[in-house]
Every structure is written in structure tokens, then in C-alpha cells.
Amino acid sequence: MALTDLRDVALQEMTTMLAEAGEPAFRATQLCHWVYKRQAISLEQMTDLPEALRQRLGAQCYVSTLTPLRQQLSADGTEKVLFRLEDGNQIETVLIPAEDKRTICVSTQVGCAIGCRFCLTAQGGLVRSLRPAEIISQVLHFQAPGKTPERAFTNIVFMGMGEPLDNFAGTVQAIRTLTAEWGLGISPRRITVSTSGLVRRLEAFGREDLKVNLAVSLNATTDAVRTAIMPINKPYPIAMLLASCRAFPLAMRQRITFEYVLLREVNDTLADAKRLVRLMEGLRCKINLLPFNEIPGVPYRRPSDDTVQQFQQYLAQHGLSAFVRQSRGRDISAACGQLRFEEHATPRLTDPAHHATMPAALGAQGEHVGETAEAAATRHEGGR
Ligand code: SAH
Ligand code: SF4
């Protein structure tokens, strides 16, 4: 029987699991405390659980960790970590320090099925979705022992490899654990989920009522251009996407962020800026402009700084909050769209001192989750 990864299990399920073993409910709270607050990686560490219970749980459960293979530090302070998963697949996670915040950019899938033409992650297609544990472990990696989550980092964005809503169950459960009191206790207002616009999933995501921030990768102002650069626009064109954004539940003062990758002479003209202003009418939103980060093998180019500035100014002059997102960590390929999985990467540790403090992975006891039904359905919906 495959062992259950405790980082995959919510308090409620732990309670049920323990009740079946005749244990009182408070044991589940104790277990969660060990797994998330104390970051225990073995049952032996959970010293206030009775020995007999630890033995019994040990036959059923374990705690997974990620193995950091490589850490790279950018000149601008951005840090990128390449992790090995239990099945040998690899993902990247980025920590972006800014003046007033430190943001972790987490991956939700190995690769991505959505196929946006300007994104490196898309190039290998989708390998598989991550389990909730694998998403949570990326965050735990950046949580220094003894510090509260808020001290170690301030924000989390689901903007790494993969399409979060294509890994719907994994993303939702990871967010529940990250935000729950029994979990990491992070405020949902400090979490942003970015989607390429899987409309039906977006509506379902709204119904989950997680209270996290939403970012939508719009990236174009006409269906012709958007379909050319983002095939997901075919089943879910702009009008449909924006209608579901208008219906998305927002708290007071909460706004949807629209991301807009600026590609030279593709979507960076004044006519685009004008259309964008019209499209955003009546939406509580802000615009994040992302000057294209060039990637190998892709013919698009980054617009000049002047063009970027003019685009931003037009939006600002017409009442939109528009920001140019600085490309952080470009020297280590950690910027938007530059993350990828390395199929045949040679494990390499650039920072052995740090690795020595990291728990080693516990081996391959976990059950590998293949491509989710949702992923397959979405690709089907996407007509690709
Ligand atoms: N799959 C999700 C989240 C990950 S991508 C999504 O698409 O929203 C995060 C952001 O990076 C998206 O807004 C995407 O449009 C942007 N992006 C992808 N490739 C890029 C590139 N080469 N340069 C700049 N931004 C890019
Ligand atoms: Fe996937 Fe997002 Fe990249 Fe598109 S931009 S391929 S949805 S990761």
C-alpha cells in the first residue's frame, strides 16, 4: 500500500484517519503542528505522540520533502532553486526580494499544457501536476526555522511553472493548507493565483471562496492576436474571460490584476493601449505590464523602454492603475516565462552549505500522481 504524505492531508482528513485508529481529535491538531509549524520530517521527531501511535502511523504515512539540486542567486537578489521531486522530475521556485516585500513564486505543475507561444515552460508540454504537498514544500523551503512565515517572506504568487487552474485540486488544497490556522496560517491577501484564463475553472475557483488575489494573463486586446499567442483563447475568448472576471467574487478594495506581456509590434501599439482601456471598463483592476523576457527559440522581441513607458502612460492617463513589472533575476533565467524543467539535468549543488541544512528526501515512498483528469479535460476543452 502506498504511504500517505502528511503534507497532502488536511486537518479534517487527519482527524478521520486518526479516529479510525481510535485516537482522539486533538491528536490531529498535534500532527499538523508537527508537520507545518515545527516542520518535522519524520514521525520519530513527534515526541509528544505516544510511541505506539508513531509506530502505527509510520506504517501508513510519511512526510515528503523536496531535494534542492541547485540554487542560483541573481545580482539583483532574486534566488532560484531547482528542486528534484520524488519521481525524479524537477521544478523551479523563485524568491524575489523587493524593498518592502519578499515574494515566493511557486510552481504548480511540471511543465504546462496551455502552450503559450512566448513562454519557455510551455515548450516541453505538461509532464504532470504537482501534489499539494509539492506546492506547500516549495513555500516551507523558504521558511527559516523558528521564524514566523511573515518574517521569512511576505507574499506568495502562483506564477511559476504550470497553470494553477489546470491543477485545480492541487492548487486549491495547497492554498487551504497555506492559509489555515492548522497549516501555515498565511493571510490569503498575501497570496496571488495567476491564470491564463481557463474560464470554467475560474468560475469554480471563485466558488471555492479562498479569498486569495487573482491575476489573469490577458496579454492581448483582440481575439486574433490572443489566439495566436495563447491557444487557450480559442475556447475561452476575451469577452468570455472578462465576463467571468466581472463575476469573480472580490472583497472590498480587492482588484483583479491583469498581466500583459509586451511583445514588440505584436501587442504594444497605441491602438492596443486604447483597446485595453475599453476592455477594462467597469472592472476593478490593475494592469501589470511585463516587457517580454526573451527566451531561446522564440521569435518575439522585447519592445523598447520608450514603447513600454508610452504604453504605461497611456493607460495611466486614462484612469487605469498600470505598473511595469521589472524583470527580476533575468541573469539566472528566473524571470517570468523563463522557468523550465531540465529533463536530463545533472544534479549540481552550488551551495553545499545550505544543502547540509536541508532535510534529505525520504526516498520514493510516495504514490506518484499522474496527469490529473482535470488536466486532460482542460487540454480537450482547449482543443489542442
Ligand atoms: N500559468 C499562469 C501562471 C504562470 S506564468 C499564467 O499564465 O498566468 C506567469 C506570467 O508570466 C504570466 O502572466 C505570463 O503571461 C508571463 N510570461 C510568460 N512568459 C513570459 C515571458 N517570456 N516574458 C514575460 N512574461 C512572461
Ligand atoms: Fe503555461 Fe502560464 Fe506559460 Fe501559458 S504563460 S504556457 S499558461 S505557464
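Strand β5 (residues 90–97) pairs with strand β6 (residues 102–105) in the antiparallel sense over 4 bridges. Strands here are DSSP runs (E, at least two residues), numbered from the N terminus, and two of them pair if DSSP finds at least two bridges between them. The model is predicted: local features need pLDDT of at least 70 and side-chain atom pairs count only at pLDDT 80 or more, while totals for chains, interfaces and linings use all residues. Residues are numbered from 1 along each chain as its sequence is written, and chains are lettered from A and ligands numbered from 1 in the order in which they are written.

A hairpin of 4 residues joins β5 to β6. Isoleucine 96 has threonine 103 as its bridge partner in β6. Threonine 103 in turn has asparagine 155 as its bridge partner in β9. β6 and strand β9 (residues 155–158) pair in the parallel sense over 3 bridges.

## The sheet as a whole

An open sheet is formed by 10 strands in the order β3-β4-β5-β6-β9-β10-β11-β12-β13-β14, with mixed pairing. β3 (67–73) and β14 (322–324) stand at the edges with a single partner strand each, so one side of each is left without a neighbour in the sheet. From one strand to the next, the twist averages 20°.

## Helices α4 and α6

Helix α4 (residues 132–141) packs against helix α6 (residues 168–179) at an angle of about 45°, with their axes 8 Å apart. That makes α4 oblique to α6, since angles under 35 degrees count as roughly parallel, over 145 as roughly antiparallel, 65 to 115 as roughly perpendicular and the rest as oblique. Helices are DSSP runs (H or I, at least four residues); axes are lines fitted to C-alpha atoms, for helices over the stretch in contact, and angles run from 0 to 180 degrees between N-to-C directions.

The contact is made by Pro132, Ile135, Ile136 and Val139 of α4 and by Gly170, Gln173, Ala174, Thr177 and Leu178 of α6. Residues are in contact if their C-beta atoms, placed from the backbone, lie within 7 Å.

## Around ligand 2

Surrounding ligand 2 are Cys112, Ile114, Gly115, Cys116, Cys119, Thr121, Ala122, Gly162, Glu163, Ser196 and Ser217 (C-beta atom, placed from the backbone, within 6 Å).

Notes. Contact = placed C-beta atoms within 7 Å.
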